[in-house]
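Subject: Handover of a structure with its ligand

Dear colleague,

Please find below the structure that I am handing over to you.

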Amino acid sequence: MSLQYDPPAERGSALRARFDARRSAVSTLDPRKDDAATLDASGVWRYRELVLPDASENDVVTQPEGNTPLLRRESVARWCGLDALLMKHEGWNPTGSFKDRGMTVAVTQARRVGATAVACASTGNTSASLAAYASLAGLPALVLVPSGQVALGKLAQTLAYGARTLLVRGDFDDCMRLARDAAERLGVYLANSVNPYRISGQKTIVLEMLQQLGWRAPDWIVLPAGNLGNTSAFGAALREASALGLIDRVPRIAAVQASGAAPFAASFRENFRERHTVRAETVATAIRIGDPASYDRAVRVIRETNGIVLDVSDSEILDAKAVVDASGVGCEPASAASVAGVRTLASRGVIGRSEVVVAVLTGHILKDPGILLQYHRDTDPPPTHANRPMEIDAELSAVERALASARRGRDVAR
Ligand code: F0G
């Protein structure tokens, strides 16, 4: 199911101008006191005509969210084999992942329909985001996560924001089943990405990116894919942006899965003749999903955008992550799948060296500190990009030796 509403009266340049005026009003700290200012400050509600047109400032549960940067880092582009690469860093959202864009809309809607509790199944980011927005809305939240499979930062956030947190003895797919049953039988409001309000909010990742590019579509948008909510949202955004004349051509979408959790990639290789499910296993716990809920919508998106689905190994994900981290940007493992995917597609010649590519980084580096320390400190032998800590005696000579080797390291890197 997707949301149905009347398209805005304006199209093309008039609609672009409306969105641009809102953005520049915020960036120049326009001291307007009207209600619209609160909505304009959010990188989701700025596009409200395409998100939830009839929401008023009083309805909206906003932090605000969005307004994430498009970053360009030479070292990452070079590693991928491209002249330039842009990274849309969704880890800069208030709870550190893109989930906030969907959650502001879903929790707004929950409040509008008078929900008395909200719930979700999650690999960790959705639960952190729901916990925060439910707290903002004054609603109790119930989250179901696979026991022992949630990255430390995400679990810590979920507890801290105050959600009732259930560690389910099972995997994400079990949690999802349970959450759907709870919504149906126990009357809680389901905030997973099967909820069309979530998808509607997540469309703004693409809308904001297009606006940042001056409404010139890139050649490629590359994103990590798990439950396929985001892939569906990106397709919906491009469909609408194109129909409304915001852009004059549609970029290709590349959805990247982890090899141990790649049922969508398996179906793609067979031209989507069959829907696959797998028992998922990957270091990228965010996308450790074997039976993606938004499969059908995502198939449509890949077909419509002449898109591609591929998978990358855990070691490719961790190497990509180390390169993104060492550029001073940083991201969580699942996010790095997009950069690993760009490198693979560039090496196969599918993405041309000078094409305009936006890789979406979906979550913040501090979401998963456990995997970071394991990679840099605990793994033996150390992986390619490991940066091992050195224990030293409390003597200046030891500091001097370390400084000399750091300088040599930099020379090599240059
Ligand atoms: N990247 C991150 C950091 C995620 O947390 C997720 C999904 C994805 C990518 C994949 O997006 O599911 O829309 O295909 N996380 C969900 C969660 C499942 O519960 O936090 P998707």
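In this model, which is predicted, a backbone N or O atom of Thr123 lies 2.8 Å from an oxygen atom of the ligand. Asn227 also takes part through its backbone: one of its polar backbone atoms is 2.8 Å from an oxygen atom of the ligand.

The surroundings of the ligand may be described as follows. The ligand is located in the largest cavity. Around the ligand there are 20 residues, of which Ser122, Thr123, Gly226, Asn227 and Thr362 come nearest. By residue type, this shell consists of ten polar, eight nonpolar and two charged residues. Two helices, H5 (125-137) and H9 (229-243), each contribute at least two residues to the shell.

Three further residues were examined, and I report them in turn.

Thr165 belongs to strand E5, which spans residues 164-168. Thr165 has a relative accessible area of 18%, and is therefore classed as buried, the cut-off being under 20%. A polar atom of the Thr165 side chain lies 3.0 Å from the backbone oxygen of Ala163.

Glu49 is found in the loop that connects helix H2 (36-40) with strand E1 (70-72). Is Glu49 buried or exposed? Because its relative accessibility is 17%, Glu49 counts as buried. The side chain of Glu49 is joined to the side chain of Arg22 by a polar contact of 2.7 Å.

Val324 lies in helix H12, which comprises residues 314-326. The relative accessible area of Val324 is 0%, so this residue is buried. Val324 and Gln212 are 112 residues apart along the chain, and their C-alpha atoms are separated by 21 Å.

With kind regards

Conventions
Residues are numbered from 1 along each chain as its sequence is written. This is a predicted model: local features need pLDDT of at least 70, side-chain atom pairs count only at pLDDT 80 or more; totals for chains, interfaces and linings use all residues. Side-chain values use heavy atoms; hydrogens and water are left out. A residue is near a molecule or strand if one of its heavy atoms lies within 4 Å of it. A polar contact is a pair of N or O atoms within 3.5 Å; within protein, one must be able to donate a hydrogen and the other to accept it, and residues adjacent in sequence count only if both atoms are side-chain atoms. On a 1 Å grid over the protein atoms alone, a cavity is a set of points where a 1.4 Å probe fits but cannot get out, and a pocket is an open set with protein on both sides within 12 Å along at least five of seven lines; lining residues have an atom within 4 Å of a point. A molecule sits in a cavity or pocket if more than half of its atoms lie within 2 Å of its grid points. Helices (H or I, at least four residues) and strands (E, at least two) are DSSP runs, numbered from the N terminus. Ala, Val, Leu, Ile, Met, Phe, Trp, Tyr, Cys and Pro count as nonpolar, Asp, Glu, Lys and Arg as charged, and the others, Gly among them, as polar. Buried means under 20% relative accessible area, exposed over 50%, partly exposed in between (1.4 Å probe, protein chains only).
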